[in-house]
Each structure stands twice: as C-alpha cells, then as structure tokens.
Amino acid sequence: MSSLDVLLVIFLSILTTVQSALYRFIPEDSDVFVDCADRPEMNGINDWANILDYSFDDEGIIHARGTVTILWDIEQTDRVTMDIELKKYARGTWDQTFLSVKISDFCKDMRDTNSMVYDSWSKHITLEEGEEIPCLGKGVEYHHEPFVMKAEFNVKGINMEGRHKLVFILHAYDKNDRRKPNSICLEVPGEILKV
C-alpha cells in the first residue's frame with residue numbers, strides 16, 4: 001500500500017467517524033430582513049412587501065403572525081425565481097459558503113407541499129376552503145396563522161459557528177420569459193451558534 005493510499009484511508013475513516021452538530025441561525029435585527037448592502041442597484045425590503053409582525057424569544061427563535069402585503073410591482077402571472085446564498089463573514093469580507101438554493105418557480109414551490117418554500121412559509125398562510133395559495137403579485141395579501149421560524153440544521157465535519165448572512169435575490173419574468181428590471185435583494189444578517 002502506497003503512502004497516498006494510507007492517507008486516503010485515514011482521511012475517509014476520519015470523515016465517517018465525525019459527529020454531526022446541530023446549529024441555529026439567529027437573525028441580528030428584529031426586522032429580520034434588510035436591504036442588500038452590496039447591491040444598491042437592486043430594490044429592497046420596502047419595494048418587496050409589508051412584512052409580518054415578528055418577535056424573538058430568549059433563544060433567538062422567531063415568532064411570526066399577521067399579514068404580508070406584496071408591494072413589488074409584478075403580475076401574478078410573472079414567473080418569480082429566487083436564489084438563496086449563505087455567506088460567512090471572515091477577515092473583513094463576506095465569503096460564499098457551500099450552501100445555496102435556487103428556486104426556478106417560486107409560485108409552484110409555494111403550492112408544493114414537499115418544497116422548502118411551503119414548509120418554511122406558505123403552509124402557514126390561511127385560506128378559505130378550496131382556495132389556492134395566490135402567486136406573488138402587487139397588492140396580494142397573505143394572512144398567516146401564528147407560527148415559529150427556527151432555522152436549525154445538522155452539519156457534519158465543518159464548524160459553522162460565526163457571523164453569517166442569508167442573501168435572497170428575486171427576479172420576475174414576464175409571460176415571454178423576459179426578466180423585469182425591478183429585481184429584489186434582501187439579506188438576513190445574523191449569527192450561527194452550535195445548539
């Protein structure tokens with residue numbers, strides 16, 4: 001067995017014996033969402049929506065309730081995409097991490113009971129019997145039951161603790177699949193702690 005093979009076996013055995021750790025993302029601002037600091041050309045929170053009523057408990061868990069009214073000047077027939085990136089603050093700059101999500105049709109994911117969007121948000125929208133969750137569009141209102149948002153996740157082999165931010169970029173495309181010029185960029189700065 002060569003020395004390279006020995007190193008590979010040692011590395012693989014370390015990876016398989018590493019314990020996973022539970023982490024929690026705690027937003028730093030009680031408003032939760034803020035405008036993207038490094039994307040001034042994009043619209044921000046005041047162009048997107050009137051947001052829910054939020055409160056935090058002692059463990060940084062968010063309790064939400066109320067109504068969201070969409071302010072973004074788009075049609076309900078527009079296809080909305082969303083890119084979500086987790087960035088870590090290190091040595092004075094925000095670095096990309098390995099965690100990112102791309103949603104190619106936000107409305108479809110709002111209605112898909114197996115999607116991340118449905119599980120984290122749209123399942124809490126109250127509807128009349130037989131009513132379908134409406135797509136994003138200017139003036140659309142989403143009424144919510146009170147719910148808890150707790151961003152917890154297990155990671156194996158990497159220390160995730162530290163200052164991070166979630167970046168949400170939303171683009172709208174018209175019926176001819178042309179991107180509209182009023183894209184939205186929102187951030188949720190916060191801290192990731194080991195639970």
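## Disulfides

The structure has two disulfides, a disulfide being a pair of cysteine sulfur atoms within 2.5 Å. This is a predicted model: local features need pLDDT of at least 70, side-chain atom pairs count only at pLDDT 80 or more, and totals for chains, interfaces and linings use all residues. Residues are numbered from 1 along each chain as its sequence is written, and side-chain values use heavy atoms, with hydrogens and water left out.

Helices (H or I, at least four residues) and strands (E, at least two) are DSSP runs, numbered from the N terminus. Both C36 and C185 are buried. Buried means under 20% relative accessible area, exposed over 50%, and partly exposed in between (1.4 Å probe, protein chains only).

C107 and C135 form a disulfide too, with sulfur atoms 1.8 Å apart. Here the S-S torsion is about -60°, so this disulfide is left-handed. C107 sits in helix α3, and C135 in the loop between α4 and β8, 28 residues apart. C107 is buried at 12% relative accessible area. C135 is buried at 13%. With the bonded cysteines numbered in sequence order, the pairing is 1-4, 2-3.

## Salt bridges

Side chains of opposite charge can pair when their charged atoms come close. The whole structure holds nine salt bridges. Each is a side-chain nitrogen of Lys or Arg within 4 Å of a carboxyl oxygen of Asp or Glu.

One of them joins D83 and K102, whose closest N and O atoms are 3.6 Å apart. This pair links distant parts of the chain, 19 residues apart: D83 is in strand β6 (residues 79–90) and K102 in strand β7 (residues 93–103). K102 is exposed, with 66% relative accessibility.

R111 and E132 form another salt bridge, at 3.4 Å from N to O. R111 belongs to helix α3 (residues 106–111), while E132 lies in the loop between α4 (116–120) and β8 (141–149), 21 residues apart. R111 is partly exposed at 34%, and E132 is exposed at 54%.

K123 pairs with D119 in a salt bridge of 3.0 Å, N to O. K123 is partly exposed, with a relative accessible area of 37%. D119 is partly exposed as well, at 48%.

## The largest pocket

The largest pocket has a volume of about 1,200 Å³. On a 1 Å grid over the protein atoms alone, a pocket is an open set of points with protein on both sides within 12 Å along at least five of seven lines, and lining residues have an atom within 4 Å of a point. The volume is the space filled by probe spheres set on the points.

The pocket is lined by 43 residues, and S120, M149, A151, L166 and F168 are the closest to its centre. Strand β9 (residues 151–156) gives the largest share of the lining, five residues. By class, the lining has 32 nonpolar, five polar and six charged residues. Ala, Val, Leu, Ile, Met, Phe, Trp, Tyr, Cys and Pro count as nonpolar, Asp, Glu, Lys and Arg as charged, and the others, Gly among them, as polar.

## A buried serine

S183 is found in the loop between β10 (162–173) and β11 (184–194). S183 is buried, at 7% relative accessibility. Leaving aside neighbours within four places in sequence, S183 is in contact (heavy atoms within 4.5 Å) with M42, N43, W72, L170 and H171.

Methods: On a 1 Å grid over the protein atoms alone, a cavity is a set of points where a 1.4 Å probe fits but cannot get out, and a pocket is an open set with protein on both sides within 12 Å along at least five of seven lines; lining residues have an atom within 4 Å of a point.
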